[in-house]
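Please look at the sequence and the model together while reading.

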Amino acid sequence: MIKLQLPFWNDQNSSESLLKTAQLFWERIEACLRWPLTQLDPLTCTLVVLNLIAWQRDITRIKNEPLNLYRKRVAYAYVNAADAGSTIGIKRIFMRLGVGYIEVEERAANRDWDVIILRMLDSQLAGNAELLKTIIEMYGRTCRRYEFEVITPIDISISTAEFGAAWSFDFAEEKTDLEITVSVTSAEYGARYDFDFAEV
């Protein structure tokens, strides 16, 4: 709202109350005019308007569903409908609605062709059972069966060791009965020693 100001020649104490009253009046008028615009957003609108938007987008509130989750489901209804039917799309739907990371496996080995496996943490499955059922009903693939598997993270410790090294050995031939002859030649500034080895 624009802050109202009086002309400098009328800026007196008696006019201050009139200025505050006019400012408050026009702020209320502006709020009334902006109210319909704020009701178009499902994340901020009143509950009555939210229910009307949800009816328009074919969203039914789950029993005991928190209000913020209900608002998210209504707000992302069109985007979720566009993402439905693909593997990456179902992952995005779960991320948008706050369920978190999941793994999706289609055509698992030794299973029927129509089974899709959703893997998630035990806390995700336990805390969102009704929401998961609703998501699968609304955005799951037609003629497919969905099964849930639980991922359990386990802390393990592994010690490392060398595993595949190549080794080589050198063998020396042993000789015995050697005769050693030492000849010493002296010089003026030093000495030179010669050693001769002869096999006996």
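How many helices and strands are there in the protein? There are seven helices and five strands; helices are DSSP runs of H or I with at least four residues, strands are runs of E with at least two, and both are numbered from the N terminus. The model is predicted, and local features need pLDDT of at least 70, side-chain atom pairs count only at pLDDT 80 or more, and totals for chains, interfaces and linings use all residues. Residues are numbered from 1 along each chain as its sequence is written, and side-chain values use heavy atoms, with hydrogens and water left out.

Read along the sequence, the elements follow the pattern α-α-α-α-α-β-β-α-α-β-β-β. The protein has 200 residues, of which 24% count as buried; buried means under 20% relative accessible area, exposed means over 50%, and partly exposed lies in between, with a 1.4 Å probe and protein chains only. Among the contacts with a separation of 6 or more, 42% join residues 24 or more positions apart, where contact means heavy atoms within 4.5 Å.

An α-helix has 3.6 residues a turn, so residues three or four places apart point the same way. After α2 comes Asp58, with a positive phi near 60 degrees.

How do α2 and α3 meet, and at what angle do their axes cross? The two axes come within 10 Å and cross at roughly 40 degrees; axes are lines fitted to C-alpha atoms, for helices over the stretch in contact, and angles run from 0 to 180 degrees between N-to-C directions. The helices α2 and α3 are therefore oblique to each other, since angles under 35 degrees count as roughly parallel, over 145 as roughly antiparallel, 65 to 115 as roughly perpendicular and the rest as oblique. Their crossing is left-handed, meaning that the near helix is turned anticlockwise from the far one by less than a right angle, whereas clockwise would be right-handed. On the α2 side the contact is made by Leu47, Leu50, Asn51, Ile53 and Ala54, and on the α3 side by Leu67, Tyr70, Arg71 and Val74.

The buried residues of α3 are Leu69, Tyr70, Arg71, Arg73 and Val74, and they pack against α2, α4 (77–83) and α7. Tyr70 counts as buried because its relative accessibility is 2%. Beyond four places in sequence, Tyr70 touches Leu47, Leu50, Asn51, Ala54, Ile59, Arg61 and Glu65.

The axes of α5 and α7 come within 12 Å and cross at roughly 140 degrees, which makes α5 oblique to α7. This crossing is right-handed. Ile90, Ile93 and Phe94 of α5 meet Leu132, Ile135, Ile136 and Tyr139 of α7.

Two loop residues remain. Asn64, in the loop between α2 and α3, is not a glycine but has a positive phi of about 60 degrees. Asn64 is exposed, with a relative accessible area of 73%. Asn110 lies in the loop between β1 (103–106) and β2, and its phi is also positive, near 60 degrees. Asn110 is exposed, with a relative accessible area of 82%.
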